[in-house]
Amino acid sequence: MLVERCLFSLEDTLKFGNQLGSVLFPGAIVLLDGPMGAGKTTLAKGICTGLNVPETLVVSPTYTIANLYPGKLPISHVDLFRLEQPEQLDDFDRDDLLPPDGVSLVEWPNLIQSWLAADEPVLHLQIGVSGSEIRKAKLSSAAPEFAEILNRLHKLP
Amino acid sequence: MNAIGLGLDTTFDDTSAAILRGTREVLANLTLSQYRDHKEFGGVVPERASRKHLEVIHPLIREALAKAELDFADLDYIAVSNLPGLLGSLLVGVTVAKGLAWSLDKPLIGVNHVESHPYANILASGPWEFPVLHLVVAGGHTLLLRADGHFDYTILGRTVDDAAGECVDKVAKMFGHPMPGGPVVDRYALEAPDHAFAFPRPLLNKPGLEFSFSGLKTAMLRFREENPDDARKQEPAVLSSFFQAVVDVLVKKTFRALDSEQLTRLTVSGGLAASQKLRKTFESECTRRSVELFYPPPSLCTDNAAMVACLAAHRYAQGRFDDLSLDAFPNMV
C-alpha cells in the first residue's frame, strides 16, 4: 500500500511525523529518504515527539552517525550521510544502530538496505520538495505490521 | 601543583593523545586525522574510524610519551573523552584509558569532549575569570554556555536541528566541495563580497538563544536550483554571502547572550572557530563592545587531546575522578 501526503509547512511536517510516531511499535524501522534539505530531520523530530521525546532533544545525527533518545520506546536516530561504501557499515553492530526493542529512524538509508531481510518491519518514507515550501511524503511498506498503520494514516485528514 | 596527565580523544574521526604538565604546559599533542589519512577514499570514512583508532592509539601514546621524554610511571592521571561521539570510536579511547589507569593505578578522568573545547583557550592564553560565556562551534554541536566556575554551567542555547559547522560542510558539498568544506568556504568569505546575496538568518528575529541552521541549508539548496547561473559563475560571492549569514547568527546570538546575562568575558572554540572570518568578526566586535575575548589558534580549535587533558587537570586539582565503570555515551547529555 502506498500513502501520499502533502505537507504544506514545517508545522504540517512535524504534525504528520507526530501522528506516525505515536503508532510505531518495538522493532519498527523507518527509512527516511529524500534529497538534502527535504525535511528528513524535521520529520524525524515529529516522529520522536509522537514517541514522547521532547522536540528540542532531536538534532541532526550527521556527525554522530547515531543519536539515541529515551522515549515511550528507545529510539535510534541514524544518519548515514557520511558513509560512502557498503563495507563502511561493517564496523557497526546491527543492534546498536537498529535496536530490536526500539524504533529506528534512518536518514540517508541507502547503505543499510543490505542489512535488511525481506520480511522485516520496514517502512519506506520518501520525502521530496516541490516548489517553495511544499513537501510531499510517500509511505510504503510490504510488511504486514505496517498494513493497518498505513490504512489509518490514509484515512486521517 | 604540576601534575602530569595523559589525555586521549577518539570521539569522532581523529585519534589524539596529549601529555600535559600542570594546566598549561603541553609536552605533546599528537593528532592523526582520518580526513588526511584517508584522502585516497575521497574524504572521511567513518566506518574505518573505530578500527583505525584501535590501530594507531597505542603507538600514538608511546610517541607522545617519547616526545615529552617521559615514561608511563611519570603520569599522575589518565583523561579520556567518553562523550559525545561515535560509540565504537569512543569505546576505543575509554577502554585504553581504563586499562592504563588500572595497570598504572592512577586516577581515571572521563571528560565531555564538547565541554573541553573552551579549555583550548586556557592552553593558548591562560585562565579566564568567572563568570564567562562559552560559544562552542564544533562540527556536530553549536552551544552557548554560561560558566560560573569550572564545571558549573548553564546551557543558554543550542542548535535545534543542524550545527553551524554541519550546515557549512553540507552547503559546501552542495556546491561540489569535498567534506570538510569549512576551509574553502572560509577562504571565499575572506576574498569575495559577503553581501552580494541576501540569505536568511534563522531565528535571528525571534527572541531566545536557540540556534537553527537547517532552514539556511534549505534556502541555499533552493537558491542553487533557481539561480544556476549565479551559483556557478558567482560561487565565491554566493558562498561568502552564505557564510556571512552563519557568522551574523553566531555573533548576534552570542552578544545577545552576553547582554542578557550581563557578562563581559567570552571564549570561542570548536572546529568552526578555525575560520579566520569568524575570528576577525569576533575580534572587532569584542573590541568595539569592550568584551574580553579568548580565541584559540586554529590548531587548538579542531579536535585535540590537549584540551581534554586541560579540562581534566582542573578536575584532578579538585580530586574529582571516575572509577573503572566509566562508560561511553553517544549523546551530549
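Over all chains, the count comes to 15 salt bridges, where a salt bridge is a side-chain nitrogen of Lys or Arg within 4 Å of a carboxyl oxygen of Asp or Glu. Before I go through some of them, a word on conventions: this is a predicted model, in which local features need pLDDT of at least 70 and side-chain atom pairs count only at pLDDT 80 or more, while totals for chains, interfaces and linings use all residues. Residues are numbered from 1 along each chain as its sequence is written, chains are lettered from A and ligands numbered from 1 in the order in which they are written, and side-chain values use heavy atoms, with hydrogens and water left out.

Let me begin with chain A. One of its salt bridges joins the side chains of A:K136 and A:E4, at 3.9 Å from N to O, and this pair links distant parts of the chain, since A:K136 belongs to strand β7 (residues 135-140) and A:E4 to strand β1 (residues 2-7), 132 residues apart. Helices (H or I, at least four residues) and strands (E, at least two) are here DSSP runs, numbered from the N terminus. A:K136 is partly exposed at 36% relative accessible area, and A:E4 is likewise partly exposed, at 41%; buried means under 20% relative accessible area, exposed over 50%, and partly exposed in between, with a 1.4 Å probe and protein chains only.

In chain B, the salt bridge between B:R315 and B:D322 has its closest N and O atoms 3.0 Å apart; B:R315 is buried, with 11% relative accessibility, whereas B:D322 is partly exposed at 28%. B:D229 and B:R232 form another, with closest N and O atoms 3.8 Å apart, and both lie in helix α9 (residues 228-233), three residues apart, or about one turn of the helix. B:R146, B:D148 and B:E261, for their part, are linked in a network of salt bridges.

The largest share of the side of chain A that touches chain B, four residues, comes from strand β3 (residues 66-70) of chain A.

The contact takes 30 residues from chain A and 33 residues from chain B, contact meaning heavy atoms within 4.5 Å. The area buried between the chains is about 2700 Å², of which carbon and sulfur atoms give 53%; this is the accessible area (1.4 Å probe) that two parts lose on being put together, summed over both. A:M36, A:Y63 and A:R82 supply 28% of the area that chain A buries against chain B, more than any other three residues.

Finally, the fold of chain A comes to four helices and seven strands, which run β-α-β-α-β-β-α-β-β-β-α from the N terminus on. Buried residues make up 55% of its 157 residues. One of them is A:T13, with a relative accessible area of 4%, which is found in helix α1 (residues 10-21) and touches A:L7, A:G39, A:T42 and A:L43, not counting residues up to four places away in sequence.
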